[in-house]
Amino acid sequence: MQCSYFDAGACRSCTLMGRPYAEQLADKQEHCRSLLAAWPDLAWLPAVASPESGFRNKAKMVVGGTVRHPTLGILDGQGRGVDLRRCGVSSPALTACFPALSAFITQAGLVPYDVPARRGELKHLILTESPDGELMLRFVLRSTESVVRIRKHLPGLQQELPRLAVVSANIQPEHKAVLEGEQEILLTEQETLRMRVNDVNLHLRARSFFQTNTAVAAALYRQAREWADELGPASVWDLYCGVGGFALHVAGPAREITGIEASAEAIASAALSAQEAGLSGVDFAAGDATAFALGARRVPELVVVNPPRRGIGAELAGWLESSGVEHVVYSSCNAVSLARDLAAMPSLVPRRARVLDMFPQTRHYEVMVLLERA
């Protein structure tokens with residue numbers, strides 16, 4: 001894939017841009033193998049490739065420039081807006097929306113936030129596309145000052161973008177590199193974006209996390225389901241469960257599922273998905289994954305963990321090591337922290353692994369490992 005923004009030096013976020021994709025994928029596999037070299041008997045499944053371009057289902061656009069001439073993209077070293085509205089890794093449906101969104105900024109008088117001057121209102125636009133083509137739009141604002149104008153002009157934007165299903169305003173008043181704030185103001189009747197992945201309908205609320213590459217996320221969940229069905233556990237914990245992707249994919253008859261996630265909003269989404277699917281024996285709760293495990297009276301037969309980049313940490317790894325849990329499925333977006341966590345659980349031996357290229361054009365990737373108690 002070639003990118004005019006990268007070639008011109010305007011954006012270097014995709015650090016591998018221009019390198020042959022087959023080479024990118026092979027290097028990621030080799031990098032992961034080298035980090036997990038302490039387990040030479042680990043069986044490696046074929047890597048899951050991604051489309052090279054147009055794979056991102058979410059665009060996080062910094063708004064710069066002026067009301068009359070806004071930029072949608074990133075900021076340069078001086079805090080000035082760099083327009084990236086034709087970014088090739090965003091899905092075509094997302095990039096098609098940017099002209100209408102730019103015009104809306106002008107029409108509604110939304111003053112882009114000037115980072116050096118610390119003035120203005122509109123900081124970011126976050127646009128997400130569902131597999132069925134519906135859209136969620138979030139305006140990240142410094143205050144509620146412009147919410148009235150957004151409401152006033154929103155019907156026109158919805159007419160321009162008929163797939164726009166969920167719209168909200170997030171309030172982030174602080175002058176620091178934080179994408180969003182705690183306050184979310186829903187501006188539409190519909191509250192969630194339905195993310196249909198494989199045969200599971202997931203619900204995504206404004207502040208819930210979802211993988212940015214839908215096709216590879218689907219492969220990730222299918223792999224977890226395949227391993228779970230092969231093992232046939234009667235009880236499963238999904239720790240760091242998010243909106244319930246793993247939990248809902250491994251759910252089955254007479255199988256008890258518990259999903260734990262720190263975000264109450266994500267848990268509400270997961271519970272809604274389980275209810276709509278008519279699943280019994282599936283329970284979701286908001287809380288800290290480590291604290292839940294340490295305080296539990298019973299141990300499941302299978303634990304699925306999908307932690308942030310820092311990994312599960314020494315405390316949860318220590319609990320898993322001594323718990324008696326027979327199998328663990330570990331989904332990691334950082335093989336460095338994965339290797340550290342695996343070393344802390346010597347009784348749980350990695351048996352199978354698979355690299356999934358969630359983030360083409362960058363050095364990042366996802367890896368799943370199936371662990372079995374020795």
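In which sense do strand β5 and strand β6 pair, and over how many bridges? The sense is antiparallel, and there are 7 bridges between β5, residues 122-129, and β6, residues 135-141. Take one partner pair: Leu125 is bridged to Phe139 in β6. Keep in mind that this is a predicted model.

Strands of a sheet pair through backbone hydrogen bonds, and the pairing can be parallel or antiparallel.

Now zoom out. The open sheet has 7 strands, in the order β4-β3-β2-β5-β6-β7-β8, and the pairing is mixed. At the edges sit β4 (81-83) and β8 (183-186), each pairing on one side only. From one strand to the next, the twist averages 40°.

Next, the helices on this sheet. Helix α3, residues 92-108, packs on the sheet. Its contacts are with β2 (58-65), β3 (70-75), β5 and β6. The direction of α3 makes about 145° with that of β5. Then comes helix α4, residues 147-160, which lies across β6, β7 (164-171) and β8. Helix α4 runs at about 155° to β6.

Last stop: helix α10, residues 335-343. Which residues of α10 are buried? They are Ala335, Ser337, Leu338, Ala339, Asp341 and Leu342. And what covers them? The cover includes helices α2 (21-35) and α9 (313-323), along with β15 (327-332), β16 (348-356) and β17 (366-373). One more detail: the N-terminal end of α10 is capped by Asn334. A side-chain oxygen of Asn334 lies 3.1 Å from the backbone nitrogen of Val336.

Definitions and conventions. Residues are numbered from 1 along each chain as its sequence is written. This is a predicted model: local features need pLDDT of at least 70, side-chain atom pairs count only at pLDDT 80 or more; totals for chains, interfaces and linings use all residues. Side-chain values use heavy atoms; hydrogens and water are left out. Buried means under 20% relative accessible area, exposed over 50%, partly exposed in between (1.4 Å probe, protein chains only). Helices (H or I, at least four residues) and strands (E, at least two) are DSSP runs, numbered from the N terminus. Contact means heavy atoms within 4.5 Å. A polar contact is a pair of N or O atoms within 3.5 Å; within protein, one must be able to donate a hydrogen and the other to accept it, and residues adjacent in sequence count only if both atoms are side-chain atoms. Two strands pair if DSSP finds at least two bridges between them. Axes are lines fitted to C-alpha atoms, for helices over the stretch in contact, and angles run from 0 to 180 degrees between N-to-C directions.
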